[in-house]
Amino acid sequence: MYWVHVIESRCSRFSAVGRSGPFHVGFSTDPSIALMRMNGEMPGGTSFFVALRPWRPRALYGPFETRSEAIAAQNEIKKLKREDRAAWNEEGRQHPWVFNPRLRPQQF
């Protein structure tokens with residue numbers, strides 16, 4: 001199972017000028033671990049994310065059965081306007097992962 005996640009940088013350099021940070025749209029088999037890596041709580045991740053820490057979850061899409069389905073969804077989400085990327089809701093509710101990023105996919 002794959003998940004597409006949207007996260008937002010909460011870096012102080014953006015909040016100091018009254019802006020929200022950039023979004024990152026990615027996919028993973030475990031979005032909780034991906035977020036922990038981006039925030040430096042676990043080894044791994046890429047150096048690009050270090051300068052923009054901390055990251056917070058904004059939306060979660062899925063599950064997708066195959067990697068190619070997740071990549072296709074990721075590409076569609078990246079085409080959306082910034083404010084629409086994190087607009088995931090189901091019956092007016094945010095996904096539980098947005099409120100508790102420590103949740104693992106099997107807990108959804």
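Does Asn 39 count as buried or exposed?

Reply: Asn 39 counts as buried, because its relative accessibility is 18%. Buried means under 20% relative accessible area; exposed means over 50%, and partly exposed lies in between (1.4 Å probe, protein chains only).

First, some ground rules. This is a predicted model, in which local features need pLDDT of at least 70, side-chain atom pairs count only at pLDDT 80 or more, and totals for chains, interfaces and linings use all residues. Residues are numbered from 1 along each chain as its sequence is written, and side-chain values use heavy atoms, with hydrogens and water left out.

Now the place. Asn 39 sits in the loop between H2 and S3. Those labels come from DSSP runs: helices are H or I with at least four residues, strands are E with at least two, and both are numbered from the N terminus. Set aside the neighbours within four places in sequence, and Asn 39 is in contact with Arg 53, Pro 54 and Trp 55. Contact means heavy atoms within 4.5 Å.

The peptide bond between Arg 53 and Pro 54 is cis, with omega about 0 degrees. Pro 54 is in the loop between H2 and S3. Another cis bond joins Gly 62 and Pro 63, with omega about 10 degrees. Pro 63 is found in strand S3.

Glu 41 is in the loop between H2 and S3 too. The side chains of Glu 41 and Arg 102 meet in a salt bridge, 2.9 Å from N to O. A salt bridge here is a side-chain nitrogen of Lys or Arg within 4 Å of a carboxyl oxygen of Asp or Glu. Side chains of opposite charge can pair when their charged atoms come close. Arg 102 lies in the segment after helix H5 (96–99), so its pairing with Glu 41 ties together parts that are 61 residues apart in sequence. Arg 102 is exposed, at 52% relative accessible area. Glu 41 is partly exposed, at 44%. Elsewhere, salt bridges with shared partners join Glu 8, Arg 56, Arg 58 and Arg 82 into one network.

Arg 58 and Glu 8 meet through their side chains at 2.7 Å, N to O. Arg 58 is in strand S3 and Glu 8 in strand S1, so this bridge ties together parts 50 residues apart in sequence. Glu 8 is buried, with a relative accessible area of 1%. Arg 58 is partly exposed, at 23%. Glu 8 also forms a salt bridge with Arg 82, where the closest N and O atoms are 3.7 Å apart. That pair links strand S1 to helix H4, and its members are 74 residues apart. Arg 82 is partly exposed, at 33% relative accessible area. The structure holds six salt bridges.

Next, the sheet that S1 and S3 belong to. It is open, has three strands in the order S2-S1-S3, and its pairing is antiparallel. S2 and S3 are the edge strands, each pairing on one side only. From one strand to the next, the twist averages 20 degrees. Two strands pair if DSSP finds at least two bridges between them. Strands of a sheet pair through backbone hydrogen bonds, either parallel or antiparallel. Seven bridges join S1 to S3. Val 4 stands opposite Tyr 61 in S3.

Helix H2 (residues 31–38) packs on the sheet, touching S1, S2 and S3, and its direction makes about 30 degrees with that of S1. H3 also packs on the sheet and touches S1, S2 and S3; its direction makes about 170 degrees with that of S2. Axes are lines fitted to C-alpha atoms, for helices over the stretch in contact, and angles run from 0 to 180 degrees between N-to-C directions.

Last, H3 itself. The buried residues of H3 are Ala 70, Ala 73, Gln 74 and Ile 77. Seen down the axis, they fall within an arc of 105 degrees, so they line one face of the helix. That arc is taken from the directions from the helix axis to the C-beta atoms. These buried residues pack against strands S1 (2–9), S2 (23–28) and S3 (55–64), and against helix H4 (82–85). The face turned away from the buried side carries the exposed residues Ser 68 and Lys 79.
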